Amino acid sequence: MAGRPLPIVLSVEERCELEGLIRRRSTPQHLALRARMIVLTADGLGVGETAERIGVWRKCVSQWRARWLAASPGTPVVERLQDAPRSGAPARITPEQICAIVALACERPADCGVPLSQWSASDLAREAVRRGIIASISPRSVGRFLKRIRSQAASRAALAHAQT
């Protein structure tokens, strides 16, 4: 049978910052939820009662309790509540290369000596490699970059139109 878990003891500054995160409207909801878990467990509620009150799994409360206790005391509150770094390989394409590919897409193909009326993803990938922007890239990756930029540009245009 396991003993009682270590209690969470909050300093006055930590409690004020956590409660500020909970009350602030601009706080991302995942941070506010985690802050609420820490405050309730520091107030003496058990893992099960905290989970029931907030509406999450017991495992979630246990995980964030453990992560709070494992962090060094000098760590800022918001940093303690952030997601852990994700596993996986580092990005192979830099943001500068993505910007250069998007800028290339904004050029007219005829100005680059390519006999086309408009770029396709495969043509852009070939031209980016030819110019030395990147050693190799798939047309699918180019399409993903353009799609991401297009949705951002479309929402900004709609916002500008709504403001006028």
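Is glutamate 127 buried or exposed, and at what relative accessibility? At 5% relative accessibility, glutamate 127 counts as buried. The close-ups below come from a predicted model, and a search of the whole structure turns up nine salt bridges.

**View 1. Glutamate 127 pairs up with arginine 130.** The two side chains meet in a salt bridge, at 2.5 Å from N to O. Both residues sit in helix H7, three residues apart, or about one turn of the helix.

**View 2. Arginine 131 reaches glutamate 107.** Here the closest N and O atoms of the salt bridge are 2.9 Å apart. Arginine 131 belongs to helix H7 (residues 121-131), but glutamate 107 is in the loop between helix H6 (95-106) and H7, so this pair ties together parts that are 24 residues apart in sequence. Arginine 131 is partly exposed, with a relative accessible area of 37%, and glutamate 107 also counts as partly exposed, at 32%.

**View 3. Arginine 15 and glutamate 19 meet in a salt bridge.** The N to O distance for this pair is 3.6 Å. Both partners are in helix H1 (residues 12-23), four residues apart, which again is about one turn of the helix. As for accessibility, arginine 15 comes in at 24% and counts as partly exposed; glutamate 19 is partly exposed too, at 28%.

Conventions: Residues are numbered from 1 along each chain as its sequence is written. This is a predicted model: local features need pLDDT of at least 70, side-chain atom pairs count only at pLDDT 80 or more; totals for chains, interfaces and linings use all residues. Side-chain values use heavy atoms; hydrogens and water are left out. A salt bridge is a side-chain nitrogen of Lys or Arg within 4 Å of a carboxyl oxygen of Asp or Glu. Helices (H or I, at least four residues) and strands (E, at least two) are DSSP runs, numbered from the N terminus. Buried means under 20% relative accessible area, exposed over 50%, partly exposed in between (1.4 Å probe, protein chains only).
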